[in-house]
Amino acid sequence: MSQNNKKIHYAWWILVGLCLIVGLGKGGLNNSAGLFLTPITKDLGIGMGSLSLYFSVSAIVTMIFLPIGGKLMAKYDTRMLLIAAILLQAGAFALFGLMDAVWGWYVLAIPLAVGGVFITVMAGPVLINQWFQKNNGLALGIMSAAGGALGAISQPIVGKMIATDGWRASYFYVGFAVIVIVVPIVLLLIRKKPADKGLLPYGMGEEKGSQSLGEANNKGVTLAAARKSSAFYALMIFFFLVTSIASFSMHIPTYLMNKGFDVTFAGNVMGTYMVGVLIGSLVIGYLSDKIGTKNTALFTMIAGLMAILLLIFSASSTFVISFAVGLFGFISSSIGTLGPALTSSLFGNKEYSQIYSNASLGLAISSVVALPAYGYVFDFTGSYTSVLYAIVGMLLINIVCVFAAFRGKQNLEQQGLWK
C-alpha cells in the first residue's frame, strides 16, 4: 500500500471535490437565500419577519440533527450520505418555487437543514481530517476560501436570474443545477478514508507504516471521554461566541448607514469584508499548520479585537472603517477553519466526527440567538455601540477559552485517555 510521491496525492482530489460540494451548498444555496426574500414578500404578501422565520426553523433543526449526523458520518458510506444530503438540501430549495403560503418554507426548512448538516457543516472537516495528516489547516483554509469565491460568483448570477425569470423558476434552476453538479462529483471524487484507495493520509510517511492504515489515523480520545473534559465545553463556548461575533457582519450595512454613510459605501465595505474572509481563510489555514492552532486562535481573536476597537473609536474615517471590516472578515473565516482544526488538535481523530458534531452545537445555538439579539438591541437603543462592546467581551472570553481548552487537553493526556 505504498504511495507514489511523484504523483498528486489523492487527498488533493478530495479537497477539489469538497471545494465544489461545500462551495455550492453554501454559496449556491444558503448564501443566495436572502436574495429571494423581497421578491417573495412582494409577490405573495407575506411579512418579511414571517418569511425569514424559516431561517430560525432551519437553525433549530440543524442544532437537533448535528449529533445524529456525526454518528451517521462515522458509521455509513460517506458518498451515499452526501448524495442523500444534497437531494434533501437542494431538492427542498427547488421545491420552494412551488410554495404559495409561508408554512411551505417552514416545512421545507427541515429537509433543507438536515441535508445542510452534512454538506455545509460535516463533510469538509471530517474528510479533510481523515485525508490530511500534513497541511490540514491549509486544506481547511482553501476549502473555506473556495466556498467564499463560489458564493461571490453565484450571488450576481442568482440575482440576475430572479430579475429575469422570477423567483419561482430561479428556485428550480438553482436547486436542480446544484444536484446535477454535486452528485457526479461525489461519486467520482469522494472517498471516506485513505485506506479505501490503499493510501496513507497525505503527509504520513511510509516509515510510520508499521501500523495498519486504520490505526495510523485513529489516535485521540473517545466522545465519552471528551464530553467529560473541560476542553470540550471550552471548545463549545468558543464555537458559540465566535459564531455570535461573526453574525454581526449581517448588521454592518445597517451600522454604517446609521452612522450617516450611504448604501453605496456600505456595499463597497461589504466587498472589503468578503476579501477579508477569503484572505483570512488562507492565512488562518496556513498559520494553523505553521504555528499551531492555539497560537492561530489567539492571533485571530486579537485581530478581531483590533477590528472592533477601530470601529468603536475611529468610526469617522472611511479608510479605517474599510480596514476594520476587512480585518473583521478574519473572524468569519475562522468558523470554517479554526473550529475543525481546534477540534482535531484537542481530541484527535479517533471519534472526530462525533466530537465535532457535538461541539458544533455551539454554532447552531448561536445562529438562533445572536442575529435577532443584535437586531433587538438596535431597535431598543438606536445604535450598535453596546453590541460592539459586548463583542469585545466575547473576544476576551474566547481568548480565555483557548487557554482553558488546551489545559483540558493536557489533563486528558495525563489521565491516559488520549491513545
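Tutor: Buried means under 20% relative accessible area, exposed means over 50%, and partly exposed lies in between, with a 1.4 Å probe and protein chains only. This is a predicted model, in which local features need pLDDT of at least 70, side-chain atom pairs count only at pLDDT 80 or more, and totals for chains, interfaces and linings use all residues. Residues are numbered from 1 along each chain as its sequence is written, and side-chain values use heavy atoms, with hydrogens and water left out.

Now the pairing rule. Rings of Phe, Tyr and Trp (its six-membered ring) pair if their centres lie within 6.5 Å; planes under 30 degrees apart are stacked, over 60 edge-to-face, and the rest tilted. That rule gives 19 aromatic pairs. For phenylalanine 248 and tyrosine 384, the ring centres are 5.6 Å apart and the planes stand at 80°, so this pair is edge-to-face. Phenylalanine 248 sits in the loop between helix 10 (230–246) and helix 11 (252–258), and tyrosine 384 in the loop between helix 16 (361–381) and helix 17 (385–414), so the pair ties together parts 136 residues apart in sequence. Helices here are DSSP runs (H or I, at least four residues), strands are runs of E of at least two, and both are numbered from the N terminus.

Ring pairs also build a cluster. Its members are Phe36, Tyr54, Phe93, Phe96, Trp105, Trp167 and Tyr171. Trp167 and Tyr171 lead on to a helix packing: both are in helix 7, where together with Arg168 they meet Pro39, Ile40, Asp43 and Leu44 of helix 2. This contact (heavy atoms within 4.5 Å) involves 5 nonpolar residues, no polar ones and 2 charged. Ala, Val, Leu, Ile, Met, Phe, Trp, Tyr, Cys and Pro count as nonpolar, Asp, Glu, Lys and Arg as charged, and the others, Gly among them, as polar.

The geometry is simple. Helix 2 (residues 37–44) and helix 7 (residues 167–189) have axes 10 Å apart and pack at about 140°. The two are therefore oblique to each other. Axes are lines fitted to C-alpha atoms, for helices over the stretch in contact, and angles between N-to-C directions run from 0 to 180 degrees. Under 35 degrees is roughly parallel, over 145 roughly antiparallel, 65 to 115 roughly perpendicular, and the rest oblique.

Stay in helix 7 for serine 170. Serine 170 is buried, at a relative accessible area of 0%. A polar atom of its side chain lies 2.7 Å from the backbone oxygen of glycine 166. Beyond neighbours within four places in sequence, serine 170 touches Phe36, Met161 and Ile162. Phe36 is one of the cluster rings.

Leucine 24 belongs to helix 1 (residues 10–30) and is buried, at 15% relative accessible area. Leaving out neighbours within four places in sequence, leucine 24 contacts Leu29, Leu150, Val178, Ile181 and Val182. Serine 344 is in helix 14 (residues 318–347) and is buried too, at 18%. Its side chain makes a polar contact of 2.9 Å with that of asparagine 129. A polar contact is a pair of N or O atoms within 3.5 Å; within protein, one must be able to donate a hydrogen and the other to accept it, and residues adjacent in sequence count only if both atoms are side-chain atoms. Outside four places in sequence, serine 344 contacts Asn129, Asn349, Tyr352 and Trp418.
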